[in-house]
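Please look over the sequence and the model below before reading on. The briefing that follows starts with the whole chain and then turns to selected residues.

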Amino acid sequence: MNIHQQLLLVDEKDTFFGQYADRLSCHTGKGLHHRAFVVVVFNDKKEILLQKRKHVLWDKFWDVTAISHVLHLSNHDETYEEAAHRSLHHEMGIPKITLKNIGGFNYFAEYKNNYCENEYCAVLVGTWEGEIKVNRDIVYEYTWMPVEKFYTDVKQNEKKYTPWAVLTAKFLIKNRKNN
């Protein structure tokens, strides 16, 4: 975890008020509500690309394709699309693809050792048929899973998924017409 990264603080409607906080402050105690996102990649076989996380928080949990935060950089604040492309390439080796932001959700989740997630999480979706080149420093393994099987597995085995992966599945089910 790069504790010095600056994250964008937002309200429950994802409104940014020009305030930033370091990543550690956003993820300890009750945290600070900040902007995050998930990228969900599908293929033409109606499968979803999942990864098993290698991370301080929720290590060895299954997750959606790519996950991160929108960052405050030295010269600008990233857009969701910039941040999503950064993460897709860094985590899964996927180059720029067309992504659609289909909305988001708020959540809070506690983790051991006083860590937490306190986020507005945007959901971006896209398709990819090419090669996957995972970054073994941050991903243990990946799999393509039929979408309906993913939804069923999340319901039956919620504890093997990150909290936001569970919420993403529920969000995708609720918003099927948008993805």
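The chain has four helices and ten strands, where helices (H or I, at least four residues) and strands (E, at least two) are DSSP runs numbered from the N terminus. This is a predicted model, in which local features need pLDDT of at least 70 and side-chain atom pairs count only at pLDDT 80 or more, while totals for chains, interfaces and linings use all residues. Residues are numbered from 1 along each chain as its sequence is written, and side-chain values use heavy atoms, with hydrogens and water left out.

**The chain as a whole**

- Read from the N terminus, the elements follow the order β-β-α-β-β-β-β-β-α-β-β-β-α-α.
- The radius of gyration is 15 Å, close to the 16 Å that the globule rule gives for 179 residues, so the chain is as compact as a globular protein of that length; this radius is taken over C-alpha atoms, and the rule is 2.2 Å times the number of residues to the power 0.38.
- Along its principal axes, the C-alpha trace spans about 40 × 35 × 35 Å.
- Of the 179 residues, 50% count as buried, a word that stands for under 20% relative accessible area, with exposed meaning over 50% and partly exposed in between (1.4 Å probe, protein chains only).
- Among contacts (heavy atoms within 4.5 Å) between residues at least 6 apart in sequence, 65% join residues at least 24 apart.

**Aromatic pairs**

- A search of the whole structure finds eight aromatic pairs, counted when the ring centres of Phe, Tyr or Trp (its six-membered ring) lie within 6.5 Å, with planes under 30 degrees apart called stacked, over 60 edge-to-face and the rest tilted.
- One of them is the tilted pair of Phe16 and Tyr20, with 5.3 Å from centre to centre and 50 degrees between the planes; Phe16 is partly exposed at 26% relative accessibility, and Tyr20 is partly exposed at 30%.
- Tyr107 and Trp164 also form a tilted pair, since their ring centres are 6.3 Å apart and their planes stand at 40 degrees.
- Because Tyr107 lies in strand S8 (residues 100-111) and Trp164 in helix H4 (residues 163-174), this pair ties together parts that are 57 residues apart in sequence.

- In helix H3 (residues 147-156), the buried residues are Val147, Phe150, Tyr151, Asp153 and Val154.
- These residues cover an arc of only 165 degrees around the axis, which puts them on the same side of H3; the arc is that of the directions from the helix axis to the C-beta atoms.
- The face of H3 turned away from the buried side carries the exposed residues Lys149, Lys155 and Gln156.
- The cover over the buried residues of H3 includes strand S3 (34-42), strand S4 (47-53), strand S10 (139-146) and H4.

- Tyr161, in the loop between H3 and H4, is buried at 3% relative accessibility.
- The side chains of Tyr161 and Asp153 are joined by a polar contact of 2.5 Å, that is, a pair of N or O atoms within 3.5 Å; within protein, one must be able to donate a hydrogen and the other to accept it, and residues adjacent in sequence count only if both atoms are side-chain atoms.
- Gln5, placed in the segment before strand S1 (6-10), is buried at 19% relative accessible area, and its side chain makes a polar contact of 2.6 Å with the side chain of Arg23.
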